[in-house]
Each structure stands twice: as structure tokens, then as C-alpha cells.
Amino acid sequence: MVFRPTLRMQSWTFIIGSSLFALGSAPGLGKWLGTTGANTSFFIGAWFFTAAGFMQLLLSEPRIGPRGGVRAVWLAAAAQSFGTVLFNVSTGAALHTRQLSAERDFVWAPNAEGSLAFLISGGLLCFVLLRNKHYFEPRSRDWWSTWINAAGCVAFGISAVGSVLTTSGNVINPSWADTGTFVGALCFLAASAVWVVGRQPTVGNDA
């Protein structure tokens with residue numbers, strides 16, 4: 001039996017993962033869940049992210065373009081998939097880590113590196129759109145998905161900056177950390193949702 005992912009399957013998996021991240025960081029709801037509940041939601045959501053990222057990587061094949069170079073779309077998928085694995089590390093460590101030094105090494109560091117990988121991925125996809133001169137195409141799902149996804153990557157980046165741990169063990173900006181994660185999760189949810197609502201679109205860009 002051969003696993004054959006589809007864009008719809010990938011999108012639904014991203015939607016589930018994003019929903020769990022949004023659940024864990026939702027204003028008010030995160031406090032209601034408690035630290036363990038919120039971290040568990042992030043941890044499970046990260047695994048859905050990883051599964052979706054792996055499907056995205058498979059769907060972005062071939063790796064090499066007609067001119068012999070690595071395709072930007074494949075490189076973006078690889079960066080995003082790598083970032084999801086780092087989120088597995090950070091969210092898994094957050095469930096068990098109790099020491100400040102360990103939190104810096106195994107929670108914040110992979111979280112920041114994962115966010116950076118997402119930023120690289122989002123930037124590459126925007127580059128592909130612009131290089132193909134798809135500057136403004138509001139009727140294109142690919143255009144909407146790419147830019148909303150990029151906004152989510154920026155929000156996750158802001159969250160990572162706000163999550164920097166001080167020597168006292170507090171994050172430097174809890175509002176940035178929580179809001180960035182929540183907004184980023186909603187953006188990823190929306191970026192995936194555009195592919196599963198209505199008639200099935202045609203994938204546009206390529207590089």
C-alpha cells in the first residue's frame with residue numbers, strides 16, 4: 001500500500017494542527033486550560049503540523065527543476081517541514097522541562113529555530129509568487145494562501161522573540177508570545193482553509 005497525500009489531506013491536517021495551537025494560546029482559554037493543558041494542545045498540534053509538513057514536502061516534488069537547480073517550492077516545503085520537527089522538540093520539552101537552562105536549550109531555542117524555518121519557507125513562497133509576477137491576484141487561492149501563510153510565519157517569529165527567557169525565568173514579553181502564537185495559528189488555519197472550501201482549485205505557482 002502506497003501513501004499518496006493530496007493537497008486536501010495536507011490542508012486538513014494543517015487546519016487541525018493550527019486549531020490546536022490556537023486553542024492553547026487563545027486569550028483567556030489558555031489560562032482556563034492551565035499550563036499543562038495548553039502545552040499538551042501545542043504538543044499534539046505540532047505532530048499534526050509535522051504530518052502536514054511531510055505531505056507538503058512529498059507534494060512539492062520534484063526537488064530538481066528543469067534547469068538543474070533546487071526548486072524554490074520544494075526548498076520552502078523542506079524548510080517548513082524542518083520547522084515542524086523543531087516544534088515537536090520544543091512542545092515536547094515544554095511538557096517535561098522544569099529547569100531554566102533546559103527550557104532555554106530545549107524549549108525556546110528549537111521554538112525560535114522552528115519559527116525561523118517557517119519564515120524562510122514563507123519568504124520563499126512569496127518570492128515564487130513575485131518572481132512569477134503574481135503581484136495581486138485576489139481571485140487566486142494560491143495567492144491568498146501564500147500571503148496569509150507568510151503573515152502567520154511573521155506572527156510566529158514575533159512570538160519567538162517575545163518568548164525569550166530572562167535570567168529570572170520569565171519571558172520578556174508574554175503578550176507578544178501569546179498573541180503571536182494565536183494570530184500565527186489563525187493565519188495558518190486560514191491559509192489551509194482556502195484550499196478545502198468550495199470547488200477544488202488548481203495549484204498555480206511553480207519554480
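**View 1. Cys 187 and its closest cysteine sulfur in the predicted model.** The sulfur of Cys 187 lies 9.1 Å from that of Cys 153, the closest cysteine sulfur, which is too far for a bond. A disulfide would need the two sulfur atoms within 2.5 Å. Cys 187 counts as buried, at 15% relative accessibility.

**View 2. Cys 126 and its closest cysteine sulfur.** With a relative accessibility of 9%, Cys 126 is buried. Zero disulfides are found in a search of the whole structure.

**View 3. Helix α1, residues 7-25.** The helix has 19 residues, and at 1.5 Å a residue it should span 27 Å. Buried residues in α1 include Gln 10, Ser 11, Thr 13, Phe 14 and Ile 15. Further along α1, Gly 17, Ser 18, Leu 20, Phe 21, Ala 22, Gly 24 and Ser 25 are buried as well.

**View 4. The largest pocket.** Its volume is about 1200 Å³. The lining comprises 39 residues, of which Asn 39, Phe 42, Ser 163, Ala 177 and Asp 178 are the closest to the pocket centre. Two or more lining residues come from each of α1, α2 (29-59), α3 (72-96), α4 (100-131), α5 (141-162) and α6 (174-193). Sorted by class, the lining holds 16 nonpolar, 19 polar and four charged residues.

**View 5. Ser 145 in helix α5.** Ser 145 has a relative accessible area of 10% and is therefore buried. Leaving aside neighbours within four places in sequence, Ser 145 is in contact with Ala 191, Val 194 and Trp 195. Ser 145 and Val 194 are 49 residues apart along the chain, yet their C-alpha atoms are separated by 6.6 Å.

**View 6. Ser 159 in helix α5.** The relative accessible area of Ser 159 is 5%, so this residue is buried. Apart from neighbours within four places in sequence, its contacts are Trp 176, Ala 177, Gly 180 and Thr 181. Ala 177 is also among the residues closest to the centre of the largest pocket.

Terms used:
Residues are numbered from 1 along each chain as its sequence is written. This is a predicted model: local features need pLDDT of at least 70, side-chain atom pairs count only at pLDDT 80 or more; totals for chains, interfaces and linings use all residues. Side-chain values use heavy atoms; hydrogens and water are left out. Helices (H or I, at least four residues) and strands (E, at least two) are DSSP runs, numbered from the N terminus. The expected span of a helix is 1.5 Å times one less than its number of residues. Buried means under 20% relative accessible area, exposed over 50%, partly exposed in between (1.4 Å probe, protein chains only). On a 1 Å grid over the protein atoms alone, a cavity is a set of points where a 1.4 Å probe fits but cannot get out, and a pocket is an open set with protein on both sides within 12 Å along at least five of seven lines; lining residues have an atom within 4 Å of a point. Grid points are joined across faces, edges and corners, and a volume is the space filled by probe spheres set on the points. Ala, Val, Leu, Ile, Met, Phe, Trp, Tyr, Cys and Pro count as nonpolar, Asp, Glu, Lys and Arg as charged, and the others, Gly among them, as polar. Contact means heavy atoms within 4.5 Å.
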